[in-house]
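Q: I would like to learn how to read a model of this kind. Where do we start?

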Amino acid sequence: MIRRAVLIVLGLVWLGPTYLLLVNAARPAESYDPSRAWAPAGDFALLDNVARAVEGADLGGSLASTALYAVVSPLLGVLIGALAGYTIVVLRLRHGFWWFLLIFGGTVFPSQMLLVPLFVSYSDAGLYDTRLGLILVYTAINVPLGAFVLRNFYQGVAFSIFEAARMDGASTWRIFWRIYLPMSASALTAVFILEFTFIWNDLVFGLTLSQTADVRPVMTAIAGLMTDVYAGTPVPVGLAAGLVVSLPTVVLFLATQRLFARGLSLGSVQ
Amino acid sequence: MTRSPVLGRFRHGYVAPAAILVAVLLYAPFVWTAYLSLTRYDGLEPPAWVGLDNFVKLLGDPALLTSVRNTLIWVAGTMVLPVGLGLLVAVLSYDLKGGVWYRVPFMLPYALSGAGLAMVWSPVLSHDGIANLLLGVDTAFLQEAPQNTLAMLLVWTWQQLGVNTLLFVVGLQSIPKEPIEAARLDGASGWRLFRHVIWPLMRPLTAVVVGLALVASLKTFDIVWVLTQGGPGRNSETLAVTMYKETFVASKYGYGSAVAVLLTVVTGLASYLYLRRQVR
């Protein structure tokens with residue numbers, strides 16, 4: 001009984017801010033009053049607030065760019081990583097384990113170790129404040145995880161599948177593309193979702209490598225909204241912005257929940 | 001078996017894209033930053049070699065001391081609050097009937113991401129914000145140190161508790177039932193059952209959760225950057241924020257790189273010591 005009581009009390013404490021967030025994000029922007037923040041919203045103005053946030057803060061271009069980064073980079077990253085994993089495990093690349101260590105080792109540095117050189121060389125190479133530049137760095141960051149999970153996955157696949165396809169005269173590329181990739185769809189999806197979320201939530205690379213509203217990733221744009229304009233932005237609009245930028249990762253996760261769980265277990269068990 | 005023609009000849013070509021991307025965009029910058037930490041560099045003039053000067057200066061820099069203190073608060077606080085409290089919620093709820101419903105309130109905040117989280121808390125914690133009005137006090141939640149770090153830690157806890165709970169619940173539900181049943185038959189229950197039977201069984205999972213939280217908390221950046229930018233002044237900076245500000249606000253690229261190296265060494269050392277303890 002005590003257990004339930006503790007859980008309920010803690011749960012109520014946790015629900016408080018959630019309620020505040022939702023009710024005030026739905027409140028008509030001009031009627032916000034911090035001393036009456038607990039009161040029900042009255043008119044439901046969430047969608048108006050979202051529209052104002054997207055327009056007023058110029059989030060539209062930023063959202064579109066972020067969607068591009070968060071889809072293209074994980075796709076490339078997971079494909080390139082999977083190809084490396086396939087080559088190391090199935091094609092039995094010589095010194096494969098060292099290649100794997102080299103690629104996987106890319107995940108261990110804090111991003112702070114990358115910022116200065118990336119900023120300086122991007123400026124020199126004309127990649128600063130370009131979508132291509134951000135896609136490149138996000139892709140590189142995604143490769144190690146893809147290589148890691150898919151290497152594990154392919155280790156659990158019977159080699160006879162490869163041999164049989166080879167006997168039938170398929171090229172190694174074709175075998176990768178037509179047999180191994182489709183076979184690992186759930187693992188690929190799991191990695192894709194993790195990487196999508198990582199990129200969607202990225203703040204520091206966007207902060208360092210981009211400037212203009214259309215190129216800037218959305219979290220960076222939001223951070224800018226906080227420091228420059230939030231004082232002038234009505235609180236409900238700011239809250240609606242916080243909700244709207246969080247929405248895509250939630251939707252993606254809920255939509256792929258089962259695949260995700262399956263992919264993770266496939267990736268880790270073997 | 002390593003060199004059979006059946007394996008194809010283009011193998012290095014397949015591994016090349018991954019290796020090149022990682023080498024050019026991750027390893028090369030890493031080495032470059034390590035070099036820059038030994039120079040004075042403003043991004044315009046070429047870097048000038050100064051040896052260990054930056055690190056010597058770091059040791060005597062009061063802003064760095066503050067930053068280290070705050071980072072330690074983040075690490076210790078993360079262990080106690082999101083991780084510790086997460087474990088508590090998991091243990092209280094994992095074998096309850098309808099336990100999943102008790103956990104819903106903790107999962108909801110996890111939907112908010114990075115800067116969005118900070119965004120929604122700003123009107124609560126600001127000077128004339130909801131928290132002050134609600135509690136009938138006049139606290140400068142985000143102004144004075146170290147309470148601004150503690151306030152942000154609470155925000156972080158609000159968001160992270162759910163996912164830690166979830167991981168612990170998965171762990172608790174997957175430990176074998178037999179030893180627990182046996183201990184119950186022997187009369188163990190409550191705290192003793194947890195301490196002597198359940199806790200040792202879930203140690204591998206705890207190790208992972210704590211390890212991840214340890215590394216992540218050492219690198220705390222986003223929430224601080226969005227809520228206070230490390231201020232006012234520099235009193236809520238963490239190491240990652242200090243690195244960013246020294247580099248891109250003060251244009252001291254060499255000094256900023258030294259902070260990055262320090263952060264890397266601290267993170268590496270902490271992970272190493274932690275892993276060694278776990279493996280033993």
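Q: Among contacts in chain B between residues at least 6 apart in sequence, what percentage join residues at least 24 apart?
A: Keep in mind that this is a predicted model. Contacts can be sorted by their separation along the sequence. In chain B, 67% of the contacts between residues at least 6 apart join residues at least 24 apart.

Q: What is the radius of gyration of chain B, and what does the globule rule give for 280 residues?
A: Start with the elements: chain B has 13 helices and two strands. Its radius of gyration is 24 Å, well over the 19 Å of the globule rule, so chain B is more spread out than a compact globule. Along the principal axes, the C-alpha trace of chain B spans about 75 × 75 × 30 Å. As for burial, 41% of the 280 residues in chain B are buried.

Q: Which residues of chain B does the UniProt annotation "transmembrane region" cover?
A: Treat an annotation as a record, then check it against the model. The unreviewed UniProt entry lists 12-35, 72-94, 106-124, 150-172, 193-218 and 253-275 of chain B. Take residues 12-35 of chain B: the span is 100% helix and 0% strand, with its end C-alpha atoms 30 Å apart. Residues 72-94 of chain B are 96% helix and 0% strand, and there the end C-alpha atoms lie 31 Å apart.

Q: Which residues of helix α4 of chain A are buried, and which are exposed?
A: The general idea comes from helix geometry. With 3.6 residues a turn, residues three or four places apart in an α-helix point the same way. In α4(A), residues 96-104, the buried ones include Trp99(A), Phe100(A) and Ile103(A). These three sit on the same side of α4(A), because they cover an arc of only 100° around the axis. Phe97(A), Trp98(A) and Leu101(A) are exposed on the other side.

Q: What covers the buried residues of α4(A)?
A: The cover includes α3 (59-89) and α6 (131-155) of chain A, together with α1 (11-36) of chain B.

Q: How many residues of chain A are in contact with chain B?
A: Count each side, then ask what it is made of. Here 68 residues of chain A are in contact with 67 residues of chain B. Helix α1 (residues 2-25) of chain A gives the most to chain A's side, with 11 residues. By class, that side has 47 nonpolar, 16 polar and five charged residues.

Q: Into which domains is chain A divided?
A: Domain 1 is 2-44 and domain 2 is 51-269. Their contact takes seven residues from domain 1 of chain A and eight residues from domain 2 of chain A. The centres of these domains are 34 Å apart, taken over C-alpha atoms.

How values were computed:
Residues are numbered from 1 along each chain as its sequence is written. Chains are lettered from A and ligands numbered from 1 in the order in which they are written. This is a predicted model: local features need pLDDT of at least 70, side-chain atom pairs count only at pLDDT 80 or more; totals for chains, interfaces and linings use all residues. UniProt positions are given in the numbering used here, feature names are shortened, and annotations may be inferred rather than shown by experiment. Helices (H or I, at least four residues) and strands (E, at least two) are DSSP runs, numbered from the N terminus. A residue is buried if 20 or more other C-beta atoms lie within 10 Å of its own, exposed if 12 or fewer, and partly exposed in between; C-beta atoms are placed from the backbone. The arc is that of the directions from the helix axis to the C-beta atoms. Two residues are in contact if their C-beta atoms, placed from the backbone, lie within 7 Å. Ala, Val, Leu, Ile, Met, Phe, Trp, Tyr, Cys and Pro count as nonpolar, Asp, Glu, Lys and Arg as charged, and the others, Gly among them, as polar. The radius of gyration is taken over C-alpha atoms; the globule rule is 2.2 Å times the number of residues to the power 0.38. Domain bounds come from an automatic or database domain assignment.
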